[in-house]
Amino acid sequence: DLNAFLEHALGTSDDDPASGRDAISITDDLEVSLTTNLTADDALLTLEVSSDLENWTPATFPLSARANLGDGRALWTFSPPAEPGERLFVRASVSAR
């Protein structure tokens with residue numbers, strides 16, 4: 001389950017444990033998408049990457065698409081560069097502004 005502040009930042013409901021599952025997705029083409037709450041000015045969402053699940057650094061790959069979902073949320077899509085056979089783990093973190 002996601003904590004309430006992350007649910008707030010993603011625009012999902014902390015009353016519904018299943019609502020956060022689809023807020024972050026990764027496709028077979030390694031596109032990373034996440035929803036964001038357009039009114040969550042108090043939250044800073046950060047994507048982080050790791051090759052070993054122990055050492056995490058802020059992601060530096062650019063935003064490839066942004067779409068307003070019309071419900072107070074936006075969908076951000078990123079295409080992280082990865083070499084064939086390279087391990088790349090991605091996670092989202094949130095902090096208070």
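## Around Phe 78

Setting aside neighbours up to four places away in sequence, Phe 78 is in contact with Leu 30, Glu 31, Val 32, Leu 34, Leu 47, Phe 61, Pro 62, Leu 63 and Ser 64. The model is a predicted one. Phe 78 counts as buried because its relative accessibility is 10%, and the cut-off for buried is under 20%.

Two of the rings around this residue can be described in detail. A pair of aromatic rings is described by the distance of the centres and the angle of the planes. Phe 61 and Phe 78 form an edge-to-face pair, with 6.0 Å from centre to centre and 70° between the planes. Phe 61 belongs to the loop between β4 and β5 (63-68), whereas Phe 78 belongs to strand β6 (residues 73-78), so this pair ties together parts that are 17 residues apart in sequence. Both Phe 61 and Phe 78 are buried. Trp 76 and Phe 78 also make an edge-to-face pair, at 6.4 Å centre to centre and 75° between the planes. Trp 76 counts as partly exposed because its relative accessibility is 25%. The count of aromatic pairs comes to 2, and the ring pairs link Phe 61, Trp 76 and Phe 78 into a cluster.

In soluble globular proteins, nonpolar side chains tend to be buried together. Here the largest nonpolar core has 13 residues, and those with the most contacts inside it are Leu 10, Leu 34, Leu 45, Leu 47, Phe 61 and Phe 78. At least two residues of this core come from each of α1 (4-10), β2 and β3. Strand β3 provides the largest share of the core, 4 residues.

The largest pocket holds about 180 Å³ of space. Its lining consists of Ala 9, Thr 36, Asn 37, Leu 38, Ala 40, Asp 41, Ala 43, Leu 44, Leu 45, Arg 66, Trp 76 and Arg 97. The elements that give two or more residues to this lining are β2 (32-37) and β3 (43-50). With 3 residues, β3 gives the largest share of the pocket lining, and β3 also gives the largest share of the core.

At 54% relative accessibility, Arg 66 counts as exposed. Arg 66 and Thr 35 are 31 residues apart in sequence, with their C-alpha atoms 9.6 Å apart in space.

The loop between β3 and β4 remains to be described. Leu 53 is found in this loop and has a positive phi of about 65° although it is not a glycine. Glu 54 has its place in the loop between β3 and β4 (57-58) as well. At 67% relative accessibility, Glu 54 counts as exposed. Glu 54 and Arg 21 are 33 residues apart in sequence and 23 Å apart in space, C-alpha to C-alpha.

Key
Residues are numbered from 1 along each chain as its sequence is written. This is a predicted model: local features need pLDDT of at least 70, side-chain atom pairs count only at pLDDT 80 or more; totals for chains, interfaces and linings use all residues. Side-chain values use heavy atoms; hydrogens and water are left out. On a 1 Å grid over the protein atoms alone, a cavity is a set of points where a 1.4 Å probe fits but cannot get out, and a pocket is an open set with protein on both sides within 12 Å along at least five of seven lines; lining residues have an atom within 4 Å of a point. Grid points are joined across faces, edges and corners, and a volume is the space filled by probe spheres set on the points. A nonpolar core is a set of buried Ala, Val, Leu, Ile, Met, Phe, Trp, Tyr and Cys residues joined through side-chain atoms within 4.5 Å. Buried means under 20% relative accessible area, exposed over 50%, partly exposed in between (1.4 Å probe, protein chains only). Contact means heavy atoms within 4.5 Å. Rings of Phe, Tyr and Trp (its six-membered ring) pair if their centres lie within 6.5 Å; planes under 30 degrees apart count as stacked, over 60 as edge-to-face and the rest as tilted.
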